Each structure stands twice: as structure tokens, then as C-alpha cells.
Amino acid sequence: MLTSLSKGMRLSVVSVFLACLAMSSLAADYVVDSPESFEDAFIDVEDGDIITIKKGVYIPAEPIEIFARGITIRGEEDAVIDAGGEGSGIIIRVPRVRVENLTIRNYGGDLYNRDAGVKVADGADNVVLKGLTLQGPGFGVRADRLSDLTIENCRIEGDQKRHVLDRGDGVFLNYVKSADLHNNHLRNVRDGFYFENVDRARSNGNFFTGAQYGIHYMYTRDCSADNNRAMGVRGGYALMSSETVTLTNSYSARNIEFGILLNVADRCFVKDNIVEGVHNPKGRAALDNEGKGIFIYGPGKNRITQNYIANSDIGIGVALGGEGNVLWNNAFVDNQIQVRYVGEKPLEWSHEGRGNFWSTYLGWDLDHDGIGDRAYQPNDSLDRIFWIYPEARFLMDSPVTALLRWLANQFEIDRGKGVTDSHPLMTSPIVPPSDEKK
């Protein structure tokens, strides 16, 4: 009986394999090399078919809508779909569609209508977009309410003439579960990646420039970003109202507002990132809008370690309840203001006997253990007064202020107030990469 059952199971497996083989042999391969064959291919295509688009510019009368499951749309070199300035280039409405090696350009810019180079509709799971060039004022890729999306090796460029907030995001994901976004290049869009109510999005090896933010997380969970670069944007990486986001090994430079933002973020892990040169030429202390390497705003408990923050208006700013974070093994180098903390609770920025490196630390290390013998307090009571009442900043360099600082130091008036690093590092734990490796 056992032997006959095993034989039956083997026959079933063979039958399924032969059925799949028969289905694959029936799949059609449509070759597009003229406007007529272009229109016919998208009308006749069935589940599992392949469409190969030859070199040329193809202008469909209306957006291409995909209703055949499991198809592949593949472009040869210099194959271009021009959307004619309205609507979306391709709309995918079914699962398991693959689009690769195509240029899709001149799609519309109506963000309320979700115009996009590629629009992936509700329920279109397991879609793969690879090697695409997307050029237009709307979203590069817009995907809603689906799972298992892959976007890889794509170049997405928005309309530089539009105000940054009037452009579409490079990639906009809404209620998406499990997404992989790797080695994409995005410029002149609103946000490079905008994730809203997204779970398990993995973003690796992407480049962002000319945007509002490189990666913008909103209400997301269990996402990760590694080895990304955001240069010449308003803000590098914004973790907002999100939890368990991991940001590692990423680079941010020449930004205006911040390198890394933790805004009501909880249980996030920020490690091995480099932020350089965050500067707001219009920044004012009264508005607290100077450029910040790291900006922590609102409640949340996050772990921040081994980051290199340098040459910025403010190294790290903390406001409105950002006291639950743990910071250690970071390097704050040559920032105009190392720390701006406007709060009443004392903060300890060290962990298990290791603090951070501060280029402005003037202490000593008599026992040569690499830890400063004297605690570091980047700010005193007078600093906090000037932040709360910026109109009094003209007094900062006066002899009276210098005398008050000296007296406060002698009598340790500020001990236990504001930010204290009880175990400051004598040398930086991070060696920033050379220019050619950034």
C-alpha cells in the first residue's frame, strides 16, 4: 500500500511538471517593431506571454494596461514608450508581471490622479521592475495595497522645473508589504522613496539627489536601508512616526535641513552612517531651522551608534521629548554647535562605559584607557537661555557672559543639567571614507 501510494505521488508530480512544461511551450513571444505590432501585442497578450520591444519610440493612444498574469515586457536597447504628456505610461493590474530594460518618458504630472511611469494597482503582487529609465513630472513608480514588489537598477528623473513639492516621488509605496529596492538612481523628484504604511521594505545601494528627502518613512514598520547615498537634498533620511526601522552604512552630504531625522520614531537602529556638511544658508536660531546632522524630535527610544557627524551647523539637535534615545560610539567633528538640546530633563549620552567622540572636548586621559577622565557637557545654562531667547544672542561674546561661564565652570553650576557624556572618547571610533569611496 505504501509502495503504491509513493508511485501515485510520483505520477502526480510528473503530471504537474508535464502540464507546466506544456503551458510554457504554449507561451507566445510577441516581437514589437512598429506602431501596429505594438498595439496588437498588448491587445493579444495572454497569461505567461513575452513581449519584446525593439529599438524605437512608441506612442500609445492611451496608457498601457496589463491584465494578463505572469507576462514579461522586455525592451531592447533604445526602446522607448512615450506617454504623450498625460496619464501613466504602464498600469499593471494583475500579479507576477515583469517589466525590464525600457525607457518610459513624458508621463503626466497629475499627482491626485496618481500619474506615474509605472503604476502598480491594488493586488498586483510579485511585480518586478528592472533596468527601467523613467522620466516625467509624476511618480516614477506608484504602488498601492499589494505585496512583494521589486524595483532594481532603475533610473528615475523628475521635472526639475517644478517646485520640489509639486513633483511626484521617485517611488511611492502605500500599504505595501515586502518590497526590495536596490541600486536605483533618483534625481529631481519630491522624495526619492516615500513609504507610507509599509512593512518590510529593504532599500540598498540607492542614490538620491535634487529631492526633498532621500528616503521618507511614514507609519512604517520593520524596514531597512543600507549603503544608500543622499547628496544635495533638503534632508537625507527621515524616519517619521515609524518603528523598528534600521538605517546603516549610508552617506548623506551637502544637505540643507538634516542628515538623519528621527521624528516620533521608536525602536529604530541607526548605525555606521556618515553625515557631512548639513548647512542651511537661511537658517535662524529663532526658528530652529539650522542644518542638523541628526535631528531627534518627539518621543521614542532609539539606538544611535557608530555614526560620523561632521562640519554641520548643528551636530545633533533634540527637541520636544527626545530623551529616550541611547547614543554611544558616535563621532561629532567640527560642527559649529555640537549639541542643541532644549529640554528640562538631564540626558546621559553614554552606554556601558563608552560615550562619544567630541572634537571640542578639552579633557585628559591620565590612565590611557581611551576614555576622558572628565565628563563632557557640550552646553551650559547660558546656551539654553540663548536658544530659548534668541534675541539675546548678541550678548554671547560679551565680557559678562565670559565671566558667567567661568564662574559656572568653577562652581560646577551646570553639573547634571542638559546633555552629559560621562565617558567621552579621546579618539574617533570611525574613520570616514576617502572622497573616492563615498
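This report walks through a predicted model of one protein chain, from its overall make-up to a few of its side chains.

## The big picture

Let's start with the whole chain. Its secondary structure comes to four helices and 38 strands. There are 438 residues, and 51% of them count as buried. What about contacts between residues at least 6 apart in sequence? Of these, 47% join residues that are at least 24 apart.

Now zoom in on helix H2, which covers residues 35-44. Which of its residues are buried? They are Ser 37, Phe 38, Ala 41 and Phe 42. If you look down the axis of H2, these buried residues fall within an arc of 125°, so they line one face of the helix. Over on the other side of H2, you'll find Pro 35, Glu 36 and Ile 43, which are exposed.

So what covers the buried residues of H2? The cover includes a run of strands: E1 (29-32), E2 (50-53), E3 (56-58), E4 (64-66), E5 (72-75) and E6 (79-82).

## Strands side by side

Next, take a look at strand E18, residues 199-204. E18 pairs with strand E15 (residues 171-182) in the parallel sense, over five bridges. To spot this pairing in the model, find Lys 177, which stands opposite Asp 199 in E18.

E18 is also joined to strand E21 (residues 224-226). Here there are three bridges, and the two strands run parallel.

How many aromatic pairs does the structure hold? The count is twelve. One of them is Tyr 213 with Phe 258: the ring centres are 5.1 Å apart and the planes sit at 50°, so this pair is tilted. Tyr 213 belongs to strand E20 (residues 213-218) and Phe 258 to strand E26 (residues 258-263), so the pair ties together parts that are 45 residues apart in sequence. Both Tyr 213 and Phe 258 are buried.

Then there's Tyr 361 with Tyr 376. Their ring centres are 5.8 Å apart and their planes are at 90°, so this pair is edge-to-face. Both tyrosines lie in the loop between strand E37 (357-358) and helix H3 (381-388), so the pair ties together parts that are 15 residues apart in sequence. Tyr 361 is buried, with a relative accessible area of 12%, and Tyr 376 is buried too, at 8%. Elsewhere, Phe 193, Phe 195, Phe 208 and Tyr 217 form one aromatic cluster.

## Charges over rings

Aromatic rings can have charged neighbours as well. Arg 145 lies over the face of Tyr 175, at 4.4 Å from the ring centre. The charged end of Lys 292 sits over the ring of Phe 295, 4.7 Å from its centre.

## Cysteines without a bond

How many disulfides does the structure hold? The answer is zero. Take Cys 268 as an example. Its closest cysteine sulfur is in Cys 223, at 9.5 Å, which is too far for a bond, because the two sulfur atoms of a disulfide have to be within 2.5 Å.

Is Cys 268 buried or exposed? Cys 268 is buried, with a relative accessible area of 2%. Cys 154 is buried as well, with a relative accessible area of 1%.

Terms used. Residues numbered from 1 in each chain as written. Predicted model: local features only at pLDDT ≥ 70, side-chain atom pairs only at ≥ 80, totals over all residues. Heavy atoms only, no water. Buried < 20%, exposed > 50% of the residue type's maximum accessible area, 1.4 Å probe, protein only. Arc of directions from axis to C-beta. Contact = heavy atoms within 4.5 Å. Pairing = 2+ DSSP bridges. Phe/Tyr/Trp six-rings, centres within 6.5 Å; stacked < 30°, edge-to-face > 60°. Lys NZ or Arg CZ within 6 Å of the ring centre and 35° of its normal.
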